Amino acid sequence: MRIELATSPGSADRPNEDWAAVALPASGQGGALVALDGVTPPEGDYGCEHGVPWFTARLGGALLELSVSLPEDPLTEILAAAIRRTADVHRIGCDLSHVRTPQATVVMARWGGPSGEVEHLVLSDSVLLLESPEGEVRAVLDDRIDRLPRESLRTHASADRLRNAEGGFFTAAADPGVAARAVTGSTPRNRVRALAALTDGASRWVEMFDEGDWGACLGVLRKEGAQGLIDRVRTVETGVEESGRVVRWKLHDDAAVVFAEL
């Protein structure tokens, strides 16, 4: 088994809000990976005294621990329990009902459990790649935010009306009920040769910059490793910045990649 993990802040002036980790149980059977992309709030009050990095570390740690300690529980139940546990830590003193309370996108995968399958869960705009033994690569996406009209996300106020709301998009914040909104599934273990979790700061190599398709992206990971893909993204970002080209969203973003050959 080969596992690589890398993460990089989008700016040296801000803390990295992404979080990623892998767990390999002591039994040697199976494993789990988690990647979170913390949602950067706009300037101003968001009802919580804790920062996004605090939240992603708390939620990510709970997700990883529960994934391997409760192998028979579905990933949706793992996510709901981790959200509830994290919320309980700062429920007193923080307004968890605030629409911008700390939150994150989620990618999870688990293999080698009682089901004998590779289970997955994706919530919001991070990506999970699954490669078959024949080399076919499938991207698991939660594309609800991409299907929204661009004008509906033009301002913070308009985006807030769609955040964790029916007809909008969903992230892991303080409501454990959001777990039921995640994209989930499973694949027979013998049909997965490799998998990769990418926050959108890394998946933009495909989705924003069109440097290759998902198969090419996984090829970069296999040849150059997780840091190699992030380095490629940073090179493209530098070129775009120097050219003066305008891109949707922010040009430089935190990036996290977990790559596992099973």
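Helix α2 keeps Leu75, Ile78, Leu79, Ala80, Ala82, Ile83, Thr86 and Ala87 buried, where buried means under 20% relative accessible area, exposed over 50% and partly exposed in between, with a 1.4 Å probe and protein chains only. Helices here are DSSP runs of H or I with at least four residues, strands are runs of E with at least two, and both are numbered from the N terminus. This is a predicted model, in which local features need pLDDT of at least 70 and side-chain atom pairs count only at pLDDT 80 or more, while totals for chains, interfaces and linings use all residues. Residues are numbered from 1 along each chain as its sequence is written, and side-chain values use heavy atoms, with hydrogens and water left out.

**Helices α1 and α2**

- The cover over the buried residues of α2 includes α1, β4 and β5, counting a contact as heavy atoms within 4.5 Å.
- The 15 residues of α2 should span 21 Å at 1.5 Å a residue, and the end C-alpha atoms are 21 Å apart, so the two agree; the expected span is 1.5 Å times one less than the number of residues.
- Buried in α1 are Val52, Phe55, Thr56, Leu59, Gly60, Ala62, Leu63, Leu64, Leu66 and Ser67.
- Among the elements covering those buried α1 residues are β2, β3, α2 and β4.

- Thr56 sits in helix α1 and counts as buried because its relative accessibility is 1%.
- Setting aside neighbours within four places in sequence, Thr56 is in contact with Glu17, Trp19, Leu36, Gly38, Gly61 and Ala104.
- Thr56 and Thr86 are 30 residues apart in sequence, with 9.4 Å between their C-alpha atoms.
- Ser67 also belongs to helix α1, and at 2% relative accessibility it counts as buried.
- Beyond residues up to four places away in sequence, Ser67 touches Ala32, Ile78, Met108 and Arg110.

**Nonpolar cores**

- In soluble globular proteins, nonpolar side chains tend to be buried together.
- The largest nonpolar core has 26 residues, and Leu59, Leu63, Leu79, Val106, Met108 and Leu123 touch the most other members; a core is a set of buried Ala, Val, Leu, Ile, Met, Phe, Trp, Tyr and Cys residues joined through side-chain atoms within 4.5 Å.
- Two or more residues of this core come from each of β2 (18-23), β3 (31-38), α1 (52-69), α2 (75-89), β4 (104-111) and β5 (117-123).
- Leu59 touches Leu36, Ala82, Ile83, Thr86 and Ala172, leaving out residues up to four places away in sequence.
- There is also a second, separate core of 21 residues, including Leu198, Leu218, Leu229 and Val257.

**Two loop residues**

- Cys48 lies in the loop between β3 and α1, and its relative accessible area of 11% makes it buried.
- Contacts of Cys48, not counting residues up to four places away in sequence, are His90, Cys94 and Pro102.
- Cys48 and Arg91 are 43 residues apart along the chain, and their C-alpha atoms are separated by 9.3 Å.
- Gly167 is in the loop between α3 (156-162) and β8 (183-188), and is exposed with a relative accessible area of 55%.
- Gly167 touches Leu148 and Leu162, again not counting residues up to four places away in sequence.
- From Gly167 to Asp18 is 149 residues in sequence and 26 Å in space, C-alpha to C-alpha.

**Cavity and pocket**

- On a 1 Å grid over the protein atoms alone, a cavity is a set of points where a 1.4 Å probe fits but cannot get out, a pocket is an open set with protein on both sides within 12 Å along at least five of seven lines, and lining residues have an atom within 4 Å of a point.
- The structure holds one cavity of 30 Å³ or more.
- The largest cavity has a volume of about 40 Å³, where volume is the space filled by probe spheres set on grid points joined across faces, edges and corners.
- Val39, Thr40, Pro41, Pro42, Arg100, Gln103 and Arg163 line the largest cavity.
- That lining has three nonpolar, two polar and two charged residues, with Ala, Val, Leu, Ile, Met, Phe, Trp, Tyr, Cys and Pro counted as nonpolar, Asp, Glu, Lys and Arg as charged, and the others, Gly among them, as polar.
- The second largest pocket has about 190 Å³ of space.
- Its lining has 15 residues, with Asn164, Thr171, Ala173, Asp175 and Val178 nearest the centre.
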